[in-house]
Amino acid sequence: GDGCTLNAGSSVWCHSQEDGAFKSDRTVLGAGVTLGVGALIHYGVRIGDGAVIAADSFVMKGEEVPPHAHWGGNPAGEMP
């Protein structure tokens, strides 16, 4: 999406090698999303507009982060 912020060391992975098989899927970042320093987004993830992913967090494959949510941790989940 437009106006996203990807901080130092953050990465968006759209593929992986699992059990000897190559797997991939689309990853979608909505408008105004912020990925904290060192955050990792796996394949098949959808992050809604304006959501924030905390530093050093891992959003696992297939997760859907709602718009304007704050997620963090490993694995990432909703933060208060």
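Student: How do you know that strand 6 and strand 9 pair, and in which sense?
Tutor: This is a predicted model. In it, strand 6 (residues 34–35) and strand 9 (residues 52–53) share two bridges, in the parallel sense. Pairing needs at least two bridges, so strand 6 and strand 9 count as a pair.

Student: Which residue is the bridge partner of Thr34 in strand 9?
Tutor: Val52 is the bridge partner of Thr34.

Student: What is the strand order in the open sheet of five strands?
Tutor: The order is 1-6-9-12-13, and the pairing is mixed.

Student: Why do strand 1 and strand 13 stand at the edges?
Tutor: Strand 1 (5–6) and strand 13 (76–78) each have a single partner strand, so one side of each has no neighbour in the sheet.

Student: What makes strand 3 and strand 4 a pair?
Tutor: Strand 3 (residues 15–18) and strand 4 (residues 21–24) are joined over four bridges, in the antiparallel sense. The rule asks for at least two bridges, so strand 3 and strand 4 pair. Phe22 in strand 4 is the bridge partner of Gln17.

Student: What lies between strand 3 and strand 4?
Tutor: Two residues lie between them, and the two strands form a hairpin. Asp19 in the turn has a positive phi of about 50 degrees.

Student: Why is Gly72 called buried?
Tutor: The relative accessible area of Gly72 is 14%. Buried means under 20%, so Gly72 is buried. Gly72 lies in strand 12 (residues 70–73). Not counting residues up to four places away in sequence, Gly72 touches Ala54, Ser57, Gly77 and Met79.

Student: How far apart are Gly72 and Ala55?
Tutor: They are 17 residues apart in sequence, and 7.3 Å apart in space, C-alpha to C-alpha.

Student: Which residues have the most contacts inside the largest nonpolar core?
Tutor: That core has 14 residues, and those with the most contacts include Leu35, Ile41 and Trp71. Leaving aside neighbours within four places in sequence, Ile41 is in contact with residues including Trp13, Thr27 and Val59.

Student: How do you know that Cys4 is in no disulfide?
Tutor: The count of disulfides is zero. The nearest cysteine sulfur to that of Cys4 belongs to Cys14, 13 Å away. A disulfide needs sulfur atoms within 2.5 Å, so Cys4 is in none.

Student: Why are Cys4 and Cys14 called partly exposed?
Tutor: Cys4 has a relative accessible area of 25%, and Cys14 has 34%. Buried is under 20% and exposed is over 50%. Both values fall in between, so Cys4 and Cys14 are partly exposed.

How values were computed:
Residues are numbered from 1 along each chain as its sequence is written. This is a predicted model: local features need pLDDT of at least 70, side-chain atom pairs count only at pLDDT 80 or more; totals for chains, interfaces and linings use all residues. Side-chain values use heavy atoms; hydrogens and water are left out. A nonpolar core is a set of buried Ala, Val, Leu, Ile, Met, Phe, Trp, Tyr and Cys residues joined through side-chain atoms within 4.5 Å. Buried means under 20% relative accessible area, exposed over 50%, partly exposed in between (1.4 Å probe, protein chains only). Contact means heavy atoms within 4.5 Å.
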